[in-house]
Amino acid sequence: MSNVLLPLGSSIGILGGGQLGRMIAMSCIELGYKSFVYCPQGDNPAVEVSSQHIIGDWNNNLLLNKFISSVDAVTIEFENIPIEVIQKVEQKLLVYPNSKVLRTSQYRPYEKKYAKLSGIDVPRWWLVNSKNDLEFAMNELDGKGILKTSSFGYDGKGQLKITKKDTPDKIWEIIKGKEFILEEFVNFNSEISFLICRRKNKEFCMFPPTENKHKDGILNKSIAPADLSEETWLSGAAKVSKLAEDLDLNGLLAVEFFLLENGKLLFNEMAPRPHNSFHWTMDGLSCSQFNQLVRCITGVPFGDISISSSWEMINLLSENFSDLTKYYSEKNKIYLYNKNGIKTKRKLGHINRLIN
Ligand code: AMP
């Protein structure tokens, strides 16, 4: 079913209305397809570039049915869409990614278990549902760690660093009421992301890995290709393709790793959608991550993703948006999302720049 070429002009449904949806919709146009965005009320920059849209809640079955009957395949642009919505869509249409992949990436304990099963090394971690769990985990950890909400965390949200000085009593007062995992603090050399695009018929392509620099838990800059030894590059790529195969991935999967001093990669998290750290692909490759996703969904052959130069991508957030004017030069490619920037740490655009 997934190898059937969708006729030009078919409509690709996009769940979510953020900047990733906006850039997917723009690639639909590039390749001769229509886009149809479904998203709840809010700041939805995908809407103004999509062929059609519906503003509706995730539990509005009437509107969801209307959306489902108007599109030919569906993708997502953020991973915290209720799994029931994906399962509902799946009864009628192919969804990229399928609900199994999405469910795994929505829950940190599942994603870590899957990563480990696929042969990827994972930092030590403990599930925390009670004060007893927390005491046990802090005792075992015996040092620095990070508490992360099991679900709905992104861009460093829902995280709390702890040190040996913290007591379980004090920490429990802050976190009680939600499920967390406690993860050991990793002294990494750098952060690396891999991105794979895979069709159901097992054909796949692996994008060149990227090195990421974070500030306050949020991506600040990406540099591609990452400066990795051939061994680390190949072993990372092999592990990511094994994970994609084990999950029976259809669509994109980004996997973030910590790179250790000894060249080993430790799993951090994954996201089955276009990823901020691969926005440089819009200029650095002949086929961007968004374009490749649309090719994957529609059955158009994959585009070339070999890299011949180095690129950097700088995020424009609410905090550094005033830097925009300094980027107005020929060498910088500017992408603005037309979002309202009042909230802190909001991603408002990005810059792609050729390094050499
Ligand atoms: P996350 O949302 O889990 O990707 O976390 C955001 C950022 O926090 C990561 O990109 C890292 O810079 C940092 N971080 C997350 N987990 C750890 C860890 N176990 N050890 C050290 N730094 C971490």
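I started with the domains: the shell around the ligand takes at least three residues from each of domain 2 (124-184) and domain 3 (190-354). Those bounds come from an automatic or database domain assignment.

Before going on, I noted that this is a predicted model, where local features need pLDDT of at least 70, side-chain atom pairs count only at pLDDT 80 or more, and totals for chains, interfaces and linings use all residues. Residues are numbered from 1 along each chain as its sequence is written, and side-chain values use heavy atoms, with hydrogens and water left out.

Which residues are closest to the ligand? I found 16 around it, with Lys-148, Glu-183, Glu-184, Val-186 and Glu-191 the closest; a residue is near if one of its heavy atoms lies within 4 Å.

Next I looked up polar contacts (pairs of N or O atoms within 3.5 Å). A side-chain N or O of Glu-191 sits 2.5 Å from a ligand oxygen. For ligand nitrogen atoms, I have 2.7 Å to a side-chain N or O of Glu-183 and 2.8 Å to a polar side-chain atom of Lys-148. On its own the ligand has 470 Å² of accessible area, and the protein covers 93% of that (Shrake-Rupley method, 1.4 Å probe).

Then Gln-41: buried or exposed? I put Gln-41 down as exposed because its relative accessibility is 71%, and exposed means over 50% (1.4 Å probe, protein chains only). Gln-41 is 31 Å from Ile-174, C-alpha to C-alpha, and 133 residues from it in sequence.

Technical notes: Polar contact = N/O pair within 3.5 Å; in protein donor to acceptor, adjacent residues only side chain to side chain. Buried < 20%, exposed > 50% of the residue type's maximum accessible area, 1.4 Å probe, protein only.
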